[in-house]
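Q: Could you take me through one part of this model up close, the place where the ligand sits, and then show me what else is worth a look along the chain?

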Amino acid sequence: MSKIPLSELLAHSAKVIQQVMAGQSLNSLLPMVDDRYRGGVQALSFFGLRHWSRGLALSEQLLSKKAPNPLFKSLLVLSLTLLSAEDFLALEQEQNTSATAADMPVYDAFTLVNEAVKAATLNKKTASFRGLLNACLRRYQRELVQLLSNVWQQEEVRYNFPQWWIDKLRDAYPQQYERLLKAANQHASLCLRVNRRQGTMDEFKQSLNQAGIEAVQLDEDALMLPQAVPVPQIPGFAEGRFSVQDLAAQQAISMLSLQDGLRVLDACAAPGGKTSHMLEHYDLDMTILDIDERRLQRVHDNLERLGLSKKYHQDNDHYHIRSLAADAADTEAWYDGRPFDVIMADVPCTAAGIVRRHPDIKWLRRPEDVAKTSELQRTIVQALWTTLKPGGYLLYITCSIFPEEGELQAAYFSEHLVGAERLPAIGQMLAVPDENGEIKHDGFFYALFKKAN
Ligand SMILES: C[S@@+](CC[C@H](N)C(=O)[O-])C[C@H]1O[C@@H](n2cnc3c(N)ncnc32)[C@H](O)[C@@H]1O
């Protein structure tokens, strides 16, 4: 980041965040950023989005009327978020609330204000308002004690989440919501899954060790890298020796009684994280379904890289792969009438459990999305249930921590899926620090159902 002027990074980041606020995901925006800027823009956007509420509240105190345009607003809020970071941390420590500083970009205030004003000159939508930007930032510096004490009164600022999200978590987890919210604004370490078809865990750990990469083994297949390393620089990526997958997502196969030869449906499969995990362990007759044809291609790319495509298993009679781009709920469009032994239903959800890795999610979601996705999940699972063999298993999965997509949904399925017996499974996983203060996984929900014979 050091060689590129901060002003340019701020200008690009403000643009990216403005587009997020208009409804686009960071995943779709970051790949379009010029290679030279991408790392820096990602770091600034992650930090900006995690702490947006504070910058926004400060900007509302500093502007006497509405911001002249969305790009200016984005640049001002981002600059204030950065400028107030250390002061806010000190305030948090004073108030004894556990502060989160790990990902904080540290710039001295003088440089930051100058660079922000320079950033304003780089775009014609902001150039004529650079005086206003300068005035707001300098007033923040003069009045920061009073301004921070004003915005501290707002829960949205203290937790850096939209109020509806805070209220929902407080209702669902009265004892834990504060820990959950704080944890969700922290940096998430990279978690890898070792491909056991390409070597053992010990061999892989050894290759990391030789490359000077520190790794902590979390379970049979999972390793966490405490220090960030760009994925292509980790030895064995191109050769398919590992995948990037959170520990919570890696739990899925432990709940399914899989064995070679079973007819399995991965109903919402893309990009294939769980499909490939199943195929790394078992020789399956696998049907891969996803509504999105382009995302389905990513499943094939991943299977190819991991050596899991059928062509690598030609002589294996148990190993079959069939893929279909279709709406899982529309069984007439894709179901051939041969029921499945096992169905994995990793359904679309609000993704409220993975905000650490996708800080844009809390700004992209609207309160009404929860009921909408919950309804969609019901439609999909009820349709899938008709394609399950008597005696077969369906694993319902979301990366959410909202009960409507978790426990309440599982209770609904227990009642409404004909012949469903709910079996013991992990249930709700929450991303909160363990006894050592470490957050080891994302927020996920699992419920397992067996269909009566
Ligand atoms: C949570 S992601 C699945 C992640 C995947 N199982 C993995 O582990 O990599 C949900 C997927 O559901 C797909 N999807 C959404 N609506 C669908 C539908 N009606 N039918 C089938 N797939 C759907 C999305 O395209 C998306 O790829």
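**A close look at the ligand's surroundings**

A: Let's start with the shell of residues around the ligand: ten of them are nonpolar, two are polar and six are charged. Keep in mind that you're looking at a predicted model. In total, 18 residues surround the ligand, and the closest are Gly273, Asp290, Arg295, Asp327 and Asp346.

Take Cys268 to begin with: one of its polar backbone atoms is 3.0 Å from a nitrogen atom of the ligand. At Ile291, a backbone N or O atom lies 3.2 Å from a ligand nitrogen. How much of the ligand does the protein cover? On its own, the ligand has 600 Å² of accessible area, and the protein covers 85% of that.

Stay around there for a moment and find Pro271. This proline is in the loop that runs between β5 (263–266) and α14 (273–281). The peptide bond joining Ala270 and Pro271 is cis, with omega at about 5 degrees.

Let's zoom out a bit. UniProt, in an unreviewed entry, lists residues 180–452 as "domain: SAM-dependent MTase RsmB/NOP-type". Over that stretch, the chain is 27% helix and 24% strand, and its end C-alpha atoms are 37 Å apart.

Next, have a look at an open sheet of four strands, paired antiparallel in the order β2-β3-β1-β4. If you'd like a pair to click on, Leu192 has Leu223 in β3 as its bridge partner.

Two more stops lie earlier in the chain. Asn160 sits in the loop between α10 (155–159) and α11 (163–172). Asn160 isn't a glycine, yet its phi is positive, at about 55 degrees.

Finally, go to Gln18, which is part of helix α1 (residues 6–21). Setting aside neighbours within four places in sequence, Gln18 is in contact with Pro70, Leu71 and Ser74. Compare that with Asp171: Gln18 and Asp171 are 153 residues apart in sequence, and their C-alpha atoms are 31 Å apart in space.

Notes:
Residues are numbered from 1 along each chain as its sequence is written. This is a predicted model: local features need pLDDT of at least 70, side-chain atom pairs count only at pLDDT 80 or more; totals for chains, interfaces and linings use all residues. Side-chain values use heavy atoms; hydrogens and water are left out. A residue is near a molecule or strand if one of its heavy atoms lies within 4 Å of it. A polar contact is a pair of N or O atoms within 3.5 Å; within protein, one must be able to donate a hydrogen and the other to accept it, and residues adjacent in sequence count only if both atoms are side-chain atoms. Accessible areas come from the Shrake-Rupley method with a 1.4 Å probe; for residues, only the protein chains shown count as cover. Ala, Val, Leu, Ile, Met, Phe, Trp, Tyr, Cys and Pro count as nonpolar, Asp, Glu, Lys and Arg as charged, and the others, Gly among them, as polar. UniProt positions are given in the numbering used here, feature names are shortened, and annotations may be inferred rather than shown by experiment. Helices (H or I, at least four residues) and strands (E, at least two) are DSSP runs, numbered from the N terminus. Two strands pair if DSSP finds at least two bridges between them. Contact means heavy atoms within 4.5 Å.
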